[in-house]
Amino acid sequence: MTSRDGGPGIRLHATPKGDVLFGMYDANHKPRVTICAMTTHPAIDLRDERGEARLSFVLKTDGDGNMSFLNSKGRTVIMAGPGEGKNIGPFFRMTDSEGSARVTISVSGNSEPSISLTGPDGKSLGMFSIGANGNGLTFYDAEANPRGALGIGPTGTPELCFFSDLGKKRISIANTPNLTGMVINDSNEAVRIHVSVDTDERPMLAVIDPSGACRVKVTVLPDGSPSISLHDAEGRHGLLLTSRADGPGFTLSDAAGKPRALLTLGPEGPSLIL
């Protein structure tokens with residue numbers, strides 16, 4: 001390595017590999033600014049009174065530049081850059097005292113911004129994102145599996161979701177223009193229970209079999225009359241129980257869904273129609 005004194009407080013070095021190092025030193029001979037023209041990547045470091053780098057600018061081999069803030073231990077605590085590859089655009093990252101990334105603000109390759117929160121082990125704990133499929137906040141468990149999400153879909157529908165430890169959607173609550181409802185899924189994410197209130201203020205509970213057919217339905221009509229119906233696999237009424245202002249009623253239907261027996265209890269007493 002050769003060396004040349006460029007004047008008080010300035011040093012210039014060249015290595016056999018062709019790297020050029022330029023440094024500005026203080027009165028205590030500590031480097032305060034260093035510029036490295038290395039064969040792998042150029043860098044500029046601003047250093048504290050101990051000569052430790054605290055702010056670093058690096059141009060990587062792929063052409064992207066990063067800016068890093070370092071703590072007194074030499075660990076990066078804040079990093080920012082124009083991108084980290086094909087799918088990640090500009091980013092701003094904050095780390096803990098051990099150098100583990102904890103907060104990352106970024107814009108993806110398709111211009112969708114997000115804020116990611118991670119634990120000391122680097123696993124995701126939460127993410128807020130904005131994109132073509134809607135805007136949402138997602139929470140993760142210790143194994144980085146999504147467990148809860150709150151978001152607004154592309155049509156403006158707000159939704160709250162809960163997931164199993166395998167990442168399967170088990171419960172979702174949504175408010176659409178036509179109804180407000182809650183859906184409970186089985187372990188295969190098939191809808192099994194649907195609770196809703198439509199625009200006519202009519203509440204309904206539907207119990208659904210594994211094939212997707214509604215088998216039990218409980219509802220209250222706008223006039224306040226409740227009803228319970230049992231259905232076959234084709235969705236036809238098999239049994240209907242109602243309670244109206246003029247009395248309760250019980251209807252049995254055949255396989256075609258046609259009523260065949262009606263039992264009512266009105267003001268004048270019971271009535272059976274076959």
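In which strand is M182 found? M182 is found in strand β17, residues 179-185.

## Basis of the model

This is a predicted model, in which local features need pLDDT of at least 70, side-chain atom pairs count only at pLDDT 80 or more, and totals for chains, interfaces and linings use all residues. Residues are numbered from 1 along each chain as its sequence is written, and side-chain values use heavy atoms, with hydrogens and water left out.

Strands are DSSP runs of E with at least two residues, numbered from the N terminus. Two strands are said to pair if DSSP finds at least two bridges between them.

M182 in β17 is partly exposed, because its relative accessible area is 29%. The scale used here takes buried as under 20% relative accessible area, exposed as over 50%, and partly exposed as in between, with a 1.4 Å probe and protein chains only. The C-alpha atom of M182 is separated by 9.5 Å from that of V197, a residue 15 residues apart from M182 along the chain.

S108 has its place in strand β10. With a relative accessible area of 21%, S108 is partly exposed. Its C-alpha atom and that of G89 are separated by 4.9 Å, although S108 and G89 are 19 residues apart along the chain.

Strand β12 (residues 124-131) pairs with strand β13 (residues 134-140) in the antiparallel sense, over six bridges. The two strands form a hairpin with two residues between them. Within this pairing, F128 has L137 of β13 as its bridge partner.

On to the next strand, β13 is joined to β14 (residues 146-152) by six bridges, and these strands run antiparallel. F139 has G148 in β14 as its bridge partner. β13 and β14 also form a hairpin, here with five residues between them, and A144 in the turn has a positive phi of about 65 degrees. In a regular strand the side chains alternate between the two faces of the sheet.

## The β23 and β24 hairpin

Strands β23 (residues 247-253) and β24 (residues 259-266) pair in the antiparallel sense over five bridges. G249 has T264 in β24 as its bridge partner. The hairpin formed by β23 and β24 has five residues between the strands, and G257 in the turn has a positive phi of about 85 degrees.

## A nonpolar surface patch

F92, I105, I115, L117, L125, F128 and I130 make a nonpolar surface patch of about 530 Å². The elements that give two or more residues to this patch are β11 (113-118) and β12. The largest share, three residues, comes from β12. A patch consists of residues with over 30% relative accessible area and no salt bridge; like charges are joined within 9 Å, and nonpolar side chains (Val, Leu, Ile, Met, Phe, Trp, Tyr) within 5 Å. Accessible areas come from the Shrake-Rupley method with a 1.4 Å probe, and for residues only the protein chains shown count as cover.

I130, one of the patch residues, lies in strand β12. Its relative accessible area of 36% makes I130 partly exposed.

## Salt bridges

A salt bridge is counted where a side-chain nitrogen of Lys or Arg is within 4 Å of a carboxyl oxygen of Asp or Glu. By this rule the count comes to twelve. One of them joins D141 and R147, at 3.5 Å from N to O. D141 is buried at 18% relative accessibility, whereas R147 is partly exposed at 34%. Salt bridges that share partners join D48, R50 and R54 into one network. In the bridge between D48 and R50, the closest N and O atoms are 3.4 Å apart; D48 is buried, with a relative accessible area of 7%, and R50 is partly exposed, at 40%.

E98 and R75 form a further salt bridge, with the closest N and O atoms 3.7 Å apart. This pair links distant parts of the chain, 23 residues apart: E98 is in the loop between β9 (88-95) and β10 (101-108), and R75 is in the loop between β7 (65-70) and β8 (76-81). E98 is partly exposed at 48% relative accessibility, and R75 is partly exposed at 30%.

## Aromatic rings

A search of the whole structure finds zero aromatic pairs. Rings of Phe, Tyr and Trp (its six-membered ring) pair if their centres lie within 6.5 Å; planes under 30 degrees apart count as stacked, over 60 as edge-to-face and the rest as tilted.

R11 lies over the face of Y25, at 4.2 Å from the ring centre. A charge sits over a ring if NZ of Lys or CZ of Arg is within 6 Å of the ring centre and within 35 degrees of the ring normal.

How values were computed: Helices (H or I, at least four residues) and strands (E, at least two) are DSSP runs, numbered from the N terminus.
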